[in-house]
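Here's a quick briefing to read with the model open beside you.

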Amino acid sequence: MADPRDIVDIATLRREPEKQAPRAFLSIWYRCCHVYGRLYKNAAGTKYNGCCPRCASRAHVLVRPDGTTRRCFQAVD
Ligand SMILES: [Zn+2]
């Protein structure tokens, strides 16, 4: 366990948390490694991108006007 005396408070390194809108994301189940992850929407708002936290396999979901309202997906190999 960390010793609380090891903490040094340096005012210039303290930052207020920035107030930003929460980043849009989808939940995804990576079947390759049996783990959950998130896909984050790109700046253009055209798709959600992410990768498996274990093996870094990439996944993406396209955003389309006639698409689904589902928020959870499975990534298949
Ligand atoms: Zn994986």
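Predicted model: local features only at pLDDT ≥ 70, side-chain atom pairs only at ≥ 80, totals over all residues.

**Overall picture**
- Along the principal axes, the C-alpha atoms fill a box of roughly 55 × 30 × 15 Å.
- Of the 77 residues, 8% are buried.
- Among contacts with a separation of 6 or more, 24% come from residues 24 or more positions apart.

**The sheet**
- The five strands make an open sheet in the order β4-β3-β2-β1-β5, and the pairing is mixed.
- β4 (58-62) and β5 sit at the edges, each pairing on one side only.
- On average, neighbouring strands of this sheet are turned by 30° against each other, direction ignored.
- Strands of a sheet pair through backbone hydrogen bonds, either parallel or antiparallel.

**Hairpins and strand pairs**
- β1 (residues 25-30) and β2 (residues 35-41) run antiparallel and are joined by six bridges.
- Four residues separate β1 and β2 in their hairpin, and histidine 34 in the turn has a positive phi of about 55°.
- β2 and β3 also run antiparallel, with two bridges between them.
- Their hairpin has five residues between the strands, and glycine 45 in the turn shows a positive phi of about 75°.
- Tyrosine 40 in β2 stands opposite phenylalanine 25, and tyrosine 40 also stands opposite asparagine 49 in β3.
- β3 (residues 47-51) is joined to β4 by five bridges, again antiparallel.
- Lysine 47 has leucine 62 of β4 as its bridge partner.

**A look at phenylalanine 73**
- You'll find phenylalanine 73 in strand β5 (residues 72-75).
- Why does phenylalanine 73 count as partly exposed? Phenylalanine 73 has 16 C-beta neighbours inside 10 Å, whereas a buried residue needs 20 or more and an exposed one has 12 or fewer.
- Setting aside neighbours within four places in sequence, phenylalanine 73 is in contact with Leu26, Ile28 and Val61.
- Cysteine 52 is 21 residues from phenylalanine 73 in sequence, and the two are 13 Å apart in space, C-alpha to C-alpha.

Notes
Residues numbered from 1 in each chain as written. Contact = placed C-beta atoms within 7 Å. Pairing = 2+ DSSP bridges. Axes fitted to C-alpha atoms, helices over the stretch in contact; angles between N-to-C directions.
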